[in-house]
Amino acid sequence: MKSDTVARLRADRVWLTADACDLDDFIAATARTTVLDDYPLASAVERNVLVYDGDAVRRVAGEPEGRRALLAEWAEAMLAGPGIVVCKNAFADKGPVDAATRLFQAMIAEQHRTNTGGGDHFAKPGANDRVWNGLEKLCLADPAAFARYYSNDIIALVSEAWLGTGYQITSQLNVVNPGGQAQSAHRDYHTGFETADEIARFPLHAHCLSPVLTLQGAVAHCDMPVESGPTLYLPYSQAFVPGYFAWRKPEFKAHFEANHVQLPMRTGDAVFFNPALFHAAGSNRTKDVRRMANLLQVSSAYGRAMESMDRARMSAALYPALRSLVASGEIGPGAVANVIAACAEGYAFPTNLDRDPPIGGLAPQTQAQLMTKALADGLEPAAFNAALEQHSWRRLT
């Protein structure tokens, strides 16, 4: 074989283009059936989507071997299975959801009053109400409410199942008002937010890497009948490697429109999915349901989150409230770990290794480790703040 032919074939393997998008291949990849027996911890399969019962999940996760099996099941479901899991009753206690809803509603009202607030990535501007950086805003508005909300085991479990430890949660509150139209079908962050020309400059292995750097999720903050437009999904579509080109093509959008699935949700239910899954928010055809969801975008410690936030400021605000909740016995060690993971930086890098050298290991102390130790040592808030400031200073150049 001539060397120029070898070079051309190699280049075709490494560099994807829009020409790689074959609709028949896509149809074959998504024409699969989810078999409940393959996922023994699931309670049901609804329209090819795996459904889990929150109470059953919490019982299984309470034992080390059960927890390990659950995380493995979710990881395989989102990688090679339907790409999506729904957890009914993810919040056994709806109180934290309702408290967060009231705080988010106040933020939206303030945005309306001041004519501020952002639009949507994939919908007509003005159709939805958004609270960007909802994680930090909720933490600063009411740290105790934040702690009760993010002490949730299922958010922590599924984040670790897909991303491992040190993940970073971000959130964006989204409200689709009556009459709000559906989004266009798409894939999400990272590669889903680049243009076709930009993603053509990333090799094939980067297209495969992008989905495992982020977890998409949503917590229902109201009951969502189908007519209110809960998210549309196409199970198994995450497996189509050139899909970051394909979702932009009209024939693929048409196939999505004809074959997507949609499931109703109740307050406190949650859905999590591979960001490469073709999906879109649905049209709200009701007259009185303001469909509200807290959209969770969880990033790997090895990736970059979409939103910037001041996790030191969040940690300083959270610590006194978390300390009080621990002292009162309202939340236990597992819940504390969940809250800290949602708030503080759980990865040691990047840092300034001159000021912040690894001592006794390969990596310096993380912000999350600092808060965990402070709680265990009974540090007063002022002492924790001083330690937090010193920790932040060490990371500066």
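## Terms and basis

Two strands pair if DSSP finds at least two bridges between them. Helices (H or I, at least four residues) and strands (E, at least two) are DSSP runs, numbered from the N terminus.

This is a predicted model, in which local features need pLDDT of at least 70 and side-chain atom pairs count only at pLDDT 80 or more, while totals for chains, interfaces and linings use all residues. Residues are numbered from 1 along each chain as its sequence is written, and side-chain values use heavy atoms, with hydrogens and water left out.

An open sheet is formed by 8 strands in the order 1-2-3-9-6-11-5-4, with mixed pairing. At its edges are strand 1 (44-46) and strand 4 (128-131), each of which pairs on one side only. From one strand to the next the twist averages 25°; angles run from 0 to 180 degrees between N-to-C directions, and axes are lines fitted to C-alpha atoms, for helices over the stretch in contact.

Strand 4 and strand 5 run antiparallel and are joined by 4 bridges. V131 stands opposite L173 in strand 5. Helix 6 (residues 134-141) packs on the sheet and touches strand 4 and strand 5, where contact means heavy atoms within 4.5 Å. The direction of helix 6 makes about 95° with that of strand 5.

## Strand 11

Strand 11 (residues 291-299) has 8 of its 9 residues buried (under 20% relative accessible area; exposed is over 50% and partly exposed in between, with a 1.4 Å probe and protein chains only). Strand 5 (residues 168-176) pairs with strand 11 in the antiparallel sense over 9 bridges, and N174 has A293 as its bridge partner.

## Helix 5 and helix 7

In helix 7 (residues 143-150), 7 of the 8 residues are buried, among them F146 and Y150. Helix 5 (residues 95-114) packs with helix 7 at an angle of about 135°, the axes being 9 Å apart. Helix 5 is therefore oblique to helix 7, since angles under 35 degrees count as roughly parallel, over 145 as roughly antiparallel, 65 to 115 as roughly perpendicular and the rest as oblique.

At the contact, P96, V97, A100 and L103 in helix 5 meet A145, R148 and Y149 in helix 7.
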